[in-house]
Amino acid sequence: MLSCRNNALDIKLAVQSNTNEVLAFFDENIDMDSGTIYNREFVCPDGVKAAIRRNQMLIAIKDDNLVGALRFYKKKTDNSVSLYQFAICKTHRNRGLLKDMLSYINAGPVRATCPKHSSINHYFRKTGWTLYETKGELNSWEF
């Protein structure tokens, strides 16, 4: 099982018993009107539930509270990882938590796609991601 405990922060794969907590966490920490969500399928509750069943949801817990969650998909063809959605609670932002969580997936490059005009592009640029490719109206970032 994928898990790491560091300074009372536990990063691990979500399990079925975490489902309602993860759904509530995403609902509380993702602003659907921010322009960072371009495909509502990525935040669909059924997709979150399926990701947990497939061991494709990482969570970060500190002092028994969920402080971060990310949904990913490991591609078998090139060992890359697609990052579908993530959220970090406001009290744990700007601390590198997403990078810490991604390091526990233990795979090749991580890629995320977003619209060219989305505000999330600034986040990827600021946090050291590389613009991998642009197709049509979408940017693909790599970490």
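**Figure 1. Ring pairs join Phe86, Tyr123, Phe124, Trp129, Trp141 and Phe143 into a cluster.** The model is predicted: local features need pLDDT of at least 70 and side-chain atom pairs count only at pLDDT 80 or more, while totals for chains, interfaces and linings use all residues. Residues are numbered from 1 along each chain as its sequence is written, and side-chain values use heavy atoms, with hydrogens and water left out. Rings of Phe, Tyr and Trp (its six-membered ring) count as a pair if their centres lie within 6.5 Å; planes under 30 degrees apart are called stacked, over 60 edge-to-face, and the rest tilted. By this rule there are six aromatic pairs.

**Figure 2. Phe86 and Tyr123 form a tilted aromatic pair.** The ring centres of Phe86 and Tyr123 are 5.7 Å apart, with 35 degrees between the planes. Phe86 belongs to strand 5 and Tyr123 to helix 4 (residues 120-126), so the pair links distant parts of the chain, 37 residues apart. Helices (H or I, at least four residues) and strands (E, at least two) are DSSP runs, numbered from the N terminus. Tyr123 is partly exposed, at a relative accessible area of 24%; buried means under 20%, exposed over 50%, and partly exposed in between (1.4 Å probe, protein chains only).

**Figure 3. The rings of Trp129 and Phe143 make a tilted pair.** Their centres are 5.3 Å apart and their planes stand at 35 degrees. Trp129 is in the loop between helix 4 and strand 7 (130-135), and Phe143 is in the segment after strand 8; the two residues are 14 residues apart, and the pair links distant parts of the chain. Trp129 is buried, at 5% relative accessibility, whereas Phe143 is partly exposed, with a relative accessible area of 37%.

**Figure 4. Salt bridges link Asp78, Arg111 and Glu142 in a network.** A salt bridge is a side-chain nitrogen of Lys or Arg within 4 Å of a carboxyl oxygen of Asp or Glu. Arg111 meets Asp78 at 3.4 Å, N to O. Arg111 lies in strand 6 (residues 110-115) and Asp78 in the loop between strand 4 (65-74) and strand 5 (81-88), so this pair ties together parts that are 33 residues apart in sequence. Arg111 is buried, with a relative accessible area of 19%, and Asp78 is partly exposed at 40%. Arg111 also meets Glu142, with an N to O distance of 2.7 Å. Because Glu142 lies in strand 8 (residues 138-142) and Arg111 in strand 6, the second pair ties together parts that are 31 residues apart in sequence. Glu142 is partly exposed, at a relative accessible area of 22%.

**Figure 5. The charged end of Arg111 sits over the ring of Tyr132.** The distance to the ring centre is 4.1 Å. A charge sits over a ring if NZ of Lys or CZ of Arg is within 6 Å of the ring centre and within 35 degrees of the ring normal. Arg71 lies over the face of Tyr84, at 5.4 Å from the ring centre.

**Figure 6. Asp10 and Lys12 form a salt bridge.** The closest N and O atoms are 3.9 Å apart. Asp10 is buried, with a relative accessible area of 9%, and Lys12 is partly exposed at 22%. A search of the whole structure finds three salt bridges.
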